[in-house]
Amino acid sequence: MTTSTTRSAGATTDTVSVTVPPARRRRGGGLDGSRWVALGFAAPLLAYLIAFYAYPLVRSIDLSIHDYTVRAFVQGDAEFVGLQNYIDIVTSSLFGTALWNTAVFVIGSLIFQYAIGLALAVFFRNGFRLSGVLRALFLVPWLLPLIVSGSTWSWMLGSDNGVVNSFLQAAGLGSVNWLTSPDTALIAVIIANIWLGIPFNLVILYSGLQNIPADLYEAAALDGAGAWRQFWSITFPLLRPVSAITVLLGLVYTLKVVDIIWVMSAGGPANASTTLAVWSYREAFGTGQPDLSPAAAIGNILIIIALIFGLLYLRVQRRQENS
């Protein structure tokens, strides 16, 4: 395409011709090069999400709305039952017990894991000799296989010759049937799970403390604020975003804990330590006669609970950002 422009100055007139190349058009309205590059970088993530999140979720929903037996699972001819599996789970006499145990297990674990982890993070924030070595030692529970940890705690809390009962007897307090009494079985697995979760809280909260400027503490000290006042006025408020994500991740992890409970008590005695996650595992693998559909239904209920708390966290975070 050619355009002409005319410039006049007195009696002199110049004519300049400019050739403008035609605009490039994408064939068929397709993506340009930069978008293909962006899609190429996103493709591995999308493939990972589809393979390990979307497909298992769809498969779990499919299991929960059909009546899958082992034969039907192999042949693929399971009967469609709709929400009947969910109705059977909710109306079961075990549902209330499992739901209560899950709430006690999760809340008890999170409170003590966060409190002890925060106390240790504040303690290690003031660097001292061997602080790095001690922090590394606190990571040991996190690094051990859960089967090893569960077996160790099961031995320590043994009724006859457990280490804990030996100390209690030496102190004149008598022994406790930690894992064989319905009154203490849930407490025993909570203690073990607290021990396992402290390193995670310590690492995350300690990292958050490193982002708080030291100048704030120096200014507070000059104003006469003591350690306790500095904690409530500086440390705790500024650590709130990190604390929120730490508690949320701990909640999601604790909701699905099976291994430590199964190794220590298998959900017993008399379902005293049976949580929703343990109930789901027992239905699928723990009885020798897999009942896959109810197990999937229980698992989906756990997913809904975790999703609700995740949405609440996002809403609270958005309010804080807007304010």
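This report describes selected local features of a predicted model, from its aromatic pairs to its helix packing, surface and loops.

## Basis of the description

Because the model is predicted, local features need pLDDT of at least 70 and side-chain atom pairs count only at pLDDT 80 or more, whereas totals for chains, interfaces and linings use all residues. Residues are numbered from 1 along each chain as its sequence is written, and side-chain values use heavy atoms, with hydrogens and water left out.

## Aromatic pairs

Rings of Phe, Tyr and Trp (its six-membered ring) are taken as a pair if their centres lie within 6.5 Å, and planes under 30 degrees apart count as stacked, over 60 as edge-to-face and the rest as tilted. By this rule the count comes to 13 aromatic pairs. The rings of Tyr48 and Tyr53 have centres 5.8 Å apart and planes at 65°, so this pair is edge-to-face. Tyr48 is partly exposed at 40% relative accessibility, and Tyr53 is partly exposed at 49%.

The rings of Tyr281 and Phe285, with centres 5.5 Å apart and planes at 50°, form a tilted pair. Both residues lie in helix 14 (residues 276-286), four residues apart, about one turn of the helix; helices here are DSSP runs (H or I, at least four residues), numbered from the N terminus. Tyr281 counts as partly exposed at 32% relative accessibility, whereas Phe285 counts as exposed at 61%. Elsewhere, Trp228, Phe231, Trp232 and Phe236 form one aromatic cluster.

A salt bridge is defined as a side-chain nitrogen of Lys or Arg within 4 Å of a carboxyl oxygen of Asp or Glu, and a search of the whole structure finds one. The side chains that meet in this salt bridge are those of Asp62 and Arg59, at 2.9 Å from N to O. Asp62 and Arg59 are three residues apart in helix 1 (residues 33-64), which means that about one helical turn separates them. Asp62 is partly exposed at 21% relative accessibility, and Arg59 is partly exposed at 26%.

In helix 7 (residues 146-156), the residues Ser149, Gly150 and Trp153 are buried. They cover an arc of only 95° around the axis, which puts them on the same side of helix 7; the arc is that of the directions from the helix axis to the C-beta atoms. The buried residues of helix 7 pack against helix 6 (140-143), helix 9 (185-210) and helix 13, where contact means heavy atoms within 4.5 Å. On the face of helix 7 turned away from its buried side are the exposed residues Ile147 and Trp155.

Asn85, found in helix 3 (residues 84-90), is buried at 8% relative accessibility. Leaving aside residues up to four places away in sequence, Asn85 touches Leu63, Ser64, Ile65, His66, Ser293, Pro294 and Ala297.

## A nonpolar surface patch

Patches are made of residues with over 30% relative accessible area and no salt bridge, in which like charges are joined within 9 Å and nonpolar side chains (Val, Leu, Ile, Met, Phe, Trp, Tyr) within 5 Å. One nonpolar patch on the surface has about 920 Å² of accessible area together, and its residues include Phe123, Phe128, Leu130, Leu144, Val148 and Trp195; accessible areas come from the Shrake-Rupley method with a 1.4 Å probe, and for residues only the protein chains shown count as cover. Helix 5 (residues 131-138) gives the most to the nonpolar patch, with four residues. Val133, a member of the patch, is found in helix 5 and is partly exposed, with a relative accessible area of 48%.

## The loop between helix 13 and helix 14

Most residues other than glycine have a negative phi, and most peptide bonds are trans. A cis peptide bond joins Gly268 and Pro269, with omega about -5°, and Pro269 is placed in the loop between helix 13 (259-264) and helix 14.

Ala266 is found in the loop between helix 13 and helix 14, and its phi is near 55°, a positive value in a residue other than glycine. Asn271, which also lies in the loop between helix 13 and helix 14, has a positive phi of about 60° although it is not a glycine. Ala266 is partly exposed, with a relative accessible area of 32%, and Asn271 is partly exposed at 27%.

How values were computed. Buried < 20%, exposed > 50% of the residue type's maximum accessible area, 1.4 Å probe, protein only. Helix = DSSP H or I, 4+ residues; strand = E, 2+ residues; numbered from the N terminus.
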